[in-house]
Amino acid sequence: HRPLADPEDEDHDELIATLPCKPPTPLMRRMRLYRGGWFPEKWLPAIMAFRRRFEARDGDVVVASLPKCGTTWLKALAFATAARGTYPPPPVAGGDDEGNRRHPLLRLNPHECVPFLESVYSTMEEESKLDATPSPRLLSTHLPYSVLPASITDSSRCKIIYVCRQPKDMLISFWHFINRDKSRDVSSSYVWESVRECTYFGSPIWDHILGYWNVSKVKPDNVLILKYEDMKRNPTENVEKIAEFIGQPFSNSEKEASIVDNIVELCSFEKMKALGASMAGSQKVISSEFPNDSFFRKGAIGDWVNHVTPEMAESLDKLLSEKFDGSGFTF
Ligand code: A3P
């Protein structure tokens, strides 16, 4: 438990106990419904502290997503793009000299370069580090838009880059991710039903996506929606979109110097998987530890076909097409 930083923290436990509840399942610990989203109960004190205490600054950029939609990749791309002045991406065919080995992404997991805000607010130490971080800050969250603090949503200070992914692949990715823990053996059908049952983190997933999507329609300068599949098909175009959105478009001379290609290569799945595998240690999110290599599995589009029946796929597609009907959003 976090040390109490402010007397209002004491109210969290009381408030949490009053929230609608889902009992624990093999997939998730006990969940509670908070501001329209379902979360593991043990995350709520940090989520609430983030909501109450975070102060956005001009120039903050927040990477947002549901888990397993390409968060790690987007963090790497956004970091490499935003920090390219200080840390030029190593040239694709560059040698192994010291300059080319200096880039933070070659020694740090992208989650260390771009912290999860809900995790930051689980310890005082991390919160102080965040306060001491110079602007412009690159941050991230798995929370729905409805849970973000007013200092992000009511001002135009922050920019949000939201990445979404075809839910069938998101679920299979999540299934592999949780079953890395050999003490768990969660069946794929359990994970599949988590969308309908709203036991996926931050559920309902359609509200998570539409929350950001709807704001992007009215505040396109503040919310940019990216899709994992588009990023896979055309990473260069998406890196250029990110750069423009954060107000750091690539100059012609940068393009001629292949800076965009170098960023794409530095953050490519193959490169990042090899780096993740060679990194010892793990990433802590709230109170759970995730080994560095667990964020890089297959990096493919359409892997779901290898794991679920056409009937399961059809029934999920049907549910989601009903939920997204009329929104203008498509995968
Ligand atoms: P798979 O399990 O389908 O391979 P998140 O970062 O949101 O947890 O998402 C993890 C998913 O993104 C995993 O999908 C992972 O392999 C994939 N991924 C991680 N880094 C990637 C990269 N550089 N390029 C493409 N996909 C990547």
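1. Pro204 lies in the loop between helix 9 (188–197) and helix 10 (205–218). Helices here are DSSP runs of H or I with at least four residues, strands are runs of E with at least two, and both are numbered from the N terminus. The peptide bond that joins Ser203 and Pro204 is cis, with omega about -5 degrees. This is a predicted model, in which local features need pLDDT of at least 70 and side-chain atom pairs count only at pLDDT 80 or more, while totals for chains, interfaces and linings use all residues. Residues are numbered from 1 along each chain as its sequence is written.

2. A cis peptide bond also runs from Ser135 to Pro136, with omega near -5 degrees. Pro136 is placed in the loop between helix 6 (124–132) and strand 5 (138–141). As background, most peptide bonds are trans, and most residues other than glycine have a negative phi.

3. The loop between helix 9 and helix 10 also holds Cys198. The phi of Cys198 is positive, near 60 degrees, although this residue is not a glycine. By the definition used, a residue is buried if 20 or more other C-beta atoms lie within 10 Å of its own, exposed if 12 or fewer do, and partly exposed in between, with C-beta atoms placed from the backbone.

4. Ser258, which is not a glycine, has a positive phi of about 60 degrees. Its place is the loop between helix 13 (252–256) and helix 14 (259–266). With 15 C-beta neighbours inside 10 Å, Ser258 counts as partly exposed.

5. An open sheet of 3 strands has the order 1-2-3 and antiparallel pairing. Strand 1 (21–22) and strand 3 (37–40) stand at the edges with a single partner strand each, so one side of each is left without a neighbour in the sheet. Two strands are said to pair if DSSP finds at least two bridges between them. Strand 2 (residues 31–34) is joined to strand 3 by 4 bridges in the antiparallel sense, and Arg32 stands opposite Phe39 in strand 3.

6. Strand 8 (residues 282–285) and strand 9 (residues 288–291) are likewise antiparallel, with 4 bridges. Ser282 is opposite Pro291 in strand 9. The hairpin of strand 8 and strand 9 has 2 residues between the strands, and Ile286 in this hairpin takes a positive phi near 55 degrees.

7. The protein chain as a whole contains 16 helices and 9 strands. Its radius of gyration is 20 Å, close to the 20 Å that the globule rule gives for 331 residues, so the chain is as compact as a globular protein of that length. The radius is taken over C-alpha atoms, and the rule is 2.2 Å times the number of residues to the power 0.38. Buried residues make up 37% of the 331 residues. Of the contacts with a separation of 6 or more, 73% join residues 24 or more positions apart.

Methods
Two residues are in contact if their C-beta atoms, placed from the backbone, lie within 7 Å.
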